[in-house]
Structure formats: structure tokens, C-alpha cells
Amino acid sequence: MDMIKPFLKKAGLELNRVTRILFFLSGSAIGNPALLTVPGQMSGSIRGSKAGNFITKGITGILIFPGLVFLLLTSSFSRPDDHETDRIQPFQENPVYWQYRNKPVLLLGGSSNDNLFQDTSPYLDRELDRLVEHGGNYLRCTMSSRDPGNVYPFYHDAGTGMFDLNRWNDEYWRRFEYFLQETRNREIIVQVEIWASYDFYTRESHVRDGLTAWDRNPFNPGNNINYTEAQSGLYQIFRSNGYQIINPFFNTTLPLAYPFDFEIDLVVLGYQKKFVTKLLSISLNFDHVLYVIDNETNADPRWPLYWSQYIRKMAGEKGVNIEVTEMWDTFDPTDGNVEGARVQNPATHFFTRRASVSNTLYDTDNYSYLDISNHNFQEGETHYKTGLYIWNEVQKSGILRPVNNTKIYGADDIGWATHQEGAERFWRNIFAGAASARFHRPPHGLGHRDLAMSHIKSTRMLTSSIDIFSSYPANGLLEEREENETYCLANNNGQYLLYFPAGGNVRLDLPEGRYEVRWLDIRSSEWKDPEEIRFPGNIETPNDGIWAVRIVKQ
């Protein structure tokens, strides 16, 4: 990179605006191997050094020097200032991963709840410390207020029982700021979900004292002094789990013409903007925050589009670049392109066709990364294939972006998934090229349990043992493999990682030679002594347990 800075400056290009530079030298790619050589995995993306095969979206210039060709690709999300490179953002050398404080980071996490900022007990600090001690650096933060002991963002008059949406509850915002301070101090990346979808619906599991989450919500016209049902278009009595009927709360942006005029304040929209602006007045002061508009939404795509543009506008006015996405409700992020992928029943989930990951996958102007958390309802090999499909689509798009998984389901408690499946999903996401993996809160995921911490620790040990940030999914190197037996990551430096969910024996088709092989016992987070093996050839786990192995060319 340093060697081309003078040429970029001469060409009128700032390096912090160039997100990808592909190098071609004497017919061989010497740049990002994840882009260029993915044996048996790439479909329609770059192969070798034939630039003509590359989808040219985002190419802004070509610099030619003796023996070298530089393709300069820029993202729609340019970096305003050099100091902004400290912020969480796509890794400049391989944007399918993240970087923070100028270093690439793989995001791994698990927690006891999805709105930890509401926890005022001493346990919060202990939970953060424990996560870091096990190699974790990633948490989800829904702005939810539906659990016992939670507070709402708006002032509540105990005498009348009514909220005032023009006045704040300072305690809510104090908790949020404290949480961001403590996570930043520990370099834990926080993924904030602005609208906690189920706070606006009526799921039975969220009923307290006979009242649903919407019955208690300050935005409910029966709960505030600021508007009535007739003025707002919202219903005081409303019954929906979010699958068959969408709360009109999520339709406030639909009457607006496009491009949006952010000066227009319809009744409820004005108070929604007030909430988001207040949130940003705190969060934009921190460099470790990622943004998601909703939790697994079924809303019309114009709803998150409005908020994505609004929060980026607000951030831009402060000279801050932020990373934004939406999380969709659909279980199948591939829209039917992976055979056997599980889908919701359209008789009970009316809106999953529009709640498609394609809304964010193919809109690189408004969404700078992806979150495919609901694909973590898939199982086994199909789960891996749906994650890999999205990774490949990102490669083919020409605008590389991270793919996150902030909710990984699976625990014995829930009946429809197990501890084992939850752990496998965590690992398969990493081996499908994902930039983040976080265990969902109990009882739906492993959360912060000891088992989750051991998997986080082992994942960190394994991925830190090679250059993971130049790696790519490489199951094409595996032969004599049964379904869901083994998964492979590789890079172009002769480094390979294999993950075996329950033991196995596969043939590994590597360039002929000697390799150092070192096994990692995932359950105990312990390395075995290294040994030397010649490949190509078979490799077998020490037993039928959960194993990973690092293989390095000698």
C-alpha cells in the first residue's frame, strides 16, 4: 500500500477512499487471495488475473506501471478523514472482515441478554470481563425495554401513568452511555439495533402483568400525552406477533416521496426521529458501534431505507462514517437458491417474500455490511451452504462487505435445536467466511454459558494461529467427505484450517509436500503437540470428539 500512495495522490485519489486494490503481476494475482483464488468455491467472481471476468461495478480507475496493473475499486462508503480509520469499519485489505483501531478483527461473542445496557447490576462488568478473558469482542445491543427491570427512554408520570415523548428518561440514556463506555474500554464491538421489533408487537412470551409489549410501549397512543389514535394512525389495542399484520408504527415512512425529504415530520415520524437523534447524540461519540435498523423485520423495505439514509446523514453532519445494515426475518437468505433450505410457512408469515436479504445484499449504496442472523435456523450442511451462498454473492458483487451473524440459535432448552447444533452453527459461519459470530441469549442460544465461552476461546485460538484475514472457504480441497463432516478455510500462504463437528477422516488435496499439523481440542481449548504429515493424503481426527486442526506448509 505505501508504495502506491504517491501515485494515488498524483491521480487525485486518497488512499482512505480506496477500499480495494487488486494487483496483477505477470499473470498472477498478488493481491487479496480471497478475491482471486478460491478453489472449488467461486462462481462468477475473479479467477486468476483475467480482469475481464470481473464484474466492474465500483472500478474507478486503472493505473498501469511496468509489469503491474492496479484496479482501483471504491465503495459508496468513503472514509471522511484519516482519523476515522480508528473506527470499526470493513478491513481495508480484505473488506469481508472488519478492522478496528487500524487492526483487522474477527468478531466473536455471546451474552446473557440482547439488551445488556439495561443491566445495572455489578454482574454486567463481570460478564464483559469474562467475555474478553475467553477471546470475545462482540455484543448485540437492542434498544429494548420489555424485560422486567428495564426502563423506557421517555419520561413517565407516575401519577397519571402517561409518557411524555417530548421529555427524556435520563436513566435510560445513562445506562446506554455507560454500556458503550465499558465496552469501548474493553474493545468489544457493539452492534446496536435501533428498533427492537418485538417491543411493538404482542407476543405471549413478552406479556407482563397481563399487558403485552405494545400495551406498555410509550409510542402506544393510549400511553402518551402527545397524540391520539386519530392523530397518529396507531392503534391502542393491537394484536399481532409481527408475522401476519405489521404495526403501523413501521409504516410511517411509506407516504414519503423518494428521494426522502428529512425535514418532513409527520406526527409519529417526528417522535421516531427524536428518539433516533437522541440515540446518535450518544453513540456517535464512540468508535466501536455498528448499526442495524431493526431486529428480524418484515417491514416494507422503504422503512429501513429511510432510517439508513437518515442516520448516515446525521453521522455525516458530525464528520463520522458509520456502518449500517438491516436484519430481515427470512430464514433463507438465498431466496430459494440453496436446495432444501428451510423457509417460514407463508400461511403464518405473510411478509417473508419482501423481507429478503437481497434488499441489503444488492443495495451497496445504503447498506455497508450484511447481517444474516435468521439463516441460523438452518441446520447441518444446508446451514453452511446458505452462508456460503451469501459470501459468494458478495464476492461477485464487486463491492466486498462483511457478513455478520449476531444471533446464533441452538440450545437444548428450546426443543427445536440443541447445544451441539448451536455450537456447529457458530463454527460453520466462520468457515463460510463470516465476519462475526455471536451465540444468541438463553434459552434460545448458548449465550454466556460455559460451553459458549469454551467455543469462543477455541475459535479465537484457532483463527489467531494463521492469517485468517486473507483466508477463504475452501471445501473444494476436501475429498472423501461425508455431509457435515468437515469444513475448510485456506489462504494463499500455505495455511489451512479444518473443523470437524464430530470427528472424521477426509482426504485433503494439497500441493505435494511436508506440512506441520497441530490439533486443537475444541471442548478443552487445548492444543496437541505438532506433528509432520505429507499431503496430499488423508487426515483423521484423534477421536470422535469436536476437533479443529491447523495445517501449515513447511
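## Overall composition

How many helices and strands does the protein have? The protein has 12 helices and 25 strands, where helices (H or I, at least four residues) and strands (E, at least two) are DSSP runs numbered from the N terminus. The model is a predicted one, in which local features need pLDDT of at least 70 and side-chain atom pairs count only at pLDDT 80 or more, while totals for chains, interfaces and linings use all residues. Residues are numbered from 1 along each chain as its sequence is written, and side-chain values use heavy atoms, with hydrogens and water left out.

Of the 554 residues in the protein, 60% are buried; buried means under 20% relative accessible area, exposed over 50%, and partly exposed in between (1.4 Å probe, protein chains only). The accessible surface comes to about 21200 Å², and 48% of that surface belongs to carbon and sulfur atoms. Accessible areas come from the Shrake-Rupley method with a 1.4 Å probe, and for residues only the protein chains shown count as cover. Among contacts with a separation of 6 or more, 71% are between residues 24 or more positions apart, a contact being heavy atoms within 4.5 Å.

## Cysteines

The structure holds 0 disulfides, a disulfide being a pair of cysteine sulfur atoms within 2.5 Å. Cys 141 counts as buried because its relative accessibility is 0%. Cys 488 is likewise buried, with a relative accessible area of 0%.

Helix α7 covers residues 267–283, and its 17 residues should span 24 Å at 1.5 Å a residue; the end C-alpha atoms are 25 Å apart, in agreement. The expected span of a helix is 1.5 Å times one less than its number of residues. Buried residues of α7 include Val 268, Leu 269, Tyr 271, Phe 275, Val 276, Leu 279, Leu 280 and Ile 282. Gln 272, Lys 273 and Ser 283 of α7 are also buried.

Among the buried residues of α8 are Trp 303, Tyr 306, Trp 307, Tyr 310, Ile 311 and Met 314. The buried residues of α8 pack against β12 (189–195), α7, β13 and β14 (324–325). Just after α8, Gly 319 takes a positive phi of about 70°.

## Glu 296

Glu 296 is found in the loop between β13 (289–294) and α8 (302–317). Glu 296 is buried because its relative accessible area is 8%. The side chains of Glu 296 and Tyr 409 are joined by a polar contact of 3.1 Å. A polar contact is a pair of N or O atoms within 3.5 Å; within protein, one must be able to donate a hydrogen and the other to accept it, and residues adjacent in sequence count only if both atoms are side-chain atoms.

Leaving aside neighbours within four places in sequence, Glu 296 is in contact with residues including Tyr 198, Arg 203, Tyr 243, Trp 328, Asp 329, Asn 374 and Lys 407.

Helix α10 (residues 380–397) reaches 27 Å from its first C-alpha to its last, close to the 26 Å expected for its 18 residues. Because 15 of the 18 residues are buried, α10 is largely enclosed by the rest of the structure. Gly 398 follows α10 and has a positive phi, near 90°.

Thr 463 is found in helix α12 (residues 450–463) and is buried, with a relative accessible area of 4%. A polar atom of the Thr 463 side chain lies 2.8 Å from the backbone oxygen of Thr 459. Leaving aside neighbours within four places in sequence, Thr 463 is in contact with Leu 106, Ile 430, Ile 468 and Leu 497.

## Strand pairing

Strands β5, β6 and β7 form an open sheet in the order β5-β6-β7, with antiparallel pairing. β5 (89–90) and β7 (103–105) stand at the edges with a single partner strand each, so one side of each is left without a neighbour in the sheet. Two strands pair if DSSP finds at least two bridges between them. β5 is joined to β6 (residues 98–100) by 2 bridges, and Gln 89 stands opposite Gln 99 in β6.

In strand β20 (residues 487–490), Tyr 487 and Leu 489 point one way, Cys 488 and Ala 490 point the other way, and all are buried. β20 runs antiparallel to β18 (residues 472–473), with 2 bridges between them; Tyr 472 has Ala 490 as its bridge partner. β20 also pairs in the antiparallel sense with β21 (residues 495–500) over 4 bridges, and the bridge partner of Tyr 487 is Tyr 499. The hairpin of β20 and β21 has 4 residues between the strands, and in this hairpin Gly 494 takes a positive phi near 75°.
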